[in-house]
Amino acid sequence: FLAPGIVTSINMIDGMDGLCAGLSIISFIGFLFLGLQSPQNFILIILSASAILALLPFLFLNFSPAKIFLGSAGSEFLGFLFLVLVLLAVGKSNEYLILTRILVIGIPVIDMIRVMAIRIKLKRPITKGDRNHIYDRLHQAGFSQRKVWWIMMATQILVVGCALIINLILK
């Protein structure tokens, strides 16, 4: 459940220029903070920092209008990397903290759960794409793609920040 869920959530959020890369950078920053809270987890720090440094120049070219794209392979690789980071961040600590680690991924996981619930409620196949994602709804409400991107980034910062605070409280 954990592995396909995380990978799928990242793949599903890759529907607007710059969105997946931007949200991922914020999540990787969150994992970097988790790693810095337990410096013995050096691999978590290195992987998070490397992903941030790789995605920053990519985001510049992926921002609307995009010149390059992640594609399914790119978004699924990011999802796999998040899965590795979740497992590294949990490590030998309490297993209940896995939920806070998953929450560091933020909006992609929340959006996937929301979209799957809508599809189940409407009795549609959960694997069939639609326009019920948060970013689609904001765009349909009249926000420009750039404004949707900024709204999503601000919300991601809030969600990741809350996850880090919850982690500190539960630790």
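Keep in mind that the model is predicted. Helix 6 covers residues 107-121 and packs with helix 8, residues 145-170. Helix 4 runs over residues 71-90, and the two residues picked out are His133, in a loop, and Ile29, in helix 2.

**Helix 6 on its own**

- After helix 6 comes Lys123, which has a positive phi near 60°.

**Where helix 6 meets helix 8**

- Packed helices get described by two things: the angle between their axes and the distance between the axes.
- Here the angle is about 105° and the axes are 9 Å apart.
- An angle from 65 to 115 degrees counts as roughly perpendicular, so that is the label for helix 6 and helix 8.
- On the helix 6 side, Ile107, Pro108 and Ile110 make the contact, while helix 8 brings Met152, Thr155, Gln156 and Val159.
- Sorted by type, the residues of this contact are five nonpolar and two polar, with no charged ones.

- You'll find His133 in the loop between helix 6 and helix 7 (134-140).
- Its relative accessible area is 5%, and buried means under 20%, so His133 is buried.
- The side chains of His133 and Asp111 are joined by a polar contact of 2.6 Å.
- Setting aside neighbours within four places in sequence, His133 touches Met12, Asp111, Arg114, Val115 and Arg119.

**Helix 4**

- Helix 4 has 20 residues and reaches 29 Å from first C-alpha to last, close to the 28 Å expected at 1.5 Å a residue.
- Buried in helix 4 are Gly74, Ser75, Leu78, Gly79, Leu81, Phe82, Leu83, Leu85, Val86, Ala89 and Val90.
- These buried residues pack against helix 1, helix 2, helix 3 (42-62) and helix 5.
- Gly91 follows helix 4, and its phi is positive, near 50°.

**Ile29, in helix 2**

- Ile29 sits in helix 2 and, at 34% relative accessibility, counts as partly exposed.
- Ile29 and Ser48 are 19 residues apart along the chain, yet their C-alpha atoms are separated by 6.8 Å.

Definitions and conventions. Residues are numbered from 1 along each chain as its sequence is written. This is a predicted model: local features need pLDDT of at least 70, side-chain atom pairs count only at pLDDT 80 or more; totals for chains, interfaces and linings use all residues. Side-chain values use heavy atoms; hydrogens and water are left out. Axes are lines fitted to C-alpha atoms, for helices over the stretch in contact, and angles run from 0 to 180 degrees between N-to-C directions. Helices (H or I, at least four residues) and strands (E, at least two) are DSSP runs, numbered from the N terminus. Angles under 35 degrees count as roughly parallel, over 145 as roughly antiparallel, 65 to 115 as roughly perpendicular and the rest as oblique. Contact means heavy atoms within 4.5 Å. Ala, Val, Leu, Ile, Met, Phe, Trp, Tyr, Cys and Pro count as nonpolar, Asp, Glu, Lys and Arg as charged, and the others, Gly among them, as polar. Buried means under 20% relative accessible area, exposed over 50%, partly exposed in between (1.4 Å probe, protein chains only). A polar contact is a pair of N or O atoms within 3.5 Å; within protein, one must be able to donate a hydrogen and the other to accept it, and residues adjacent in sequence count only if both atoms are side-chain atoms. The expected span of a helix is 1.5 Å times one less than its number of residues.
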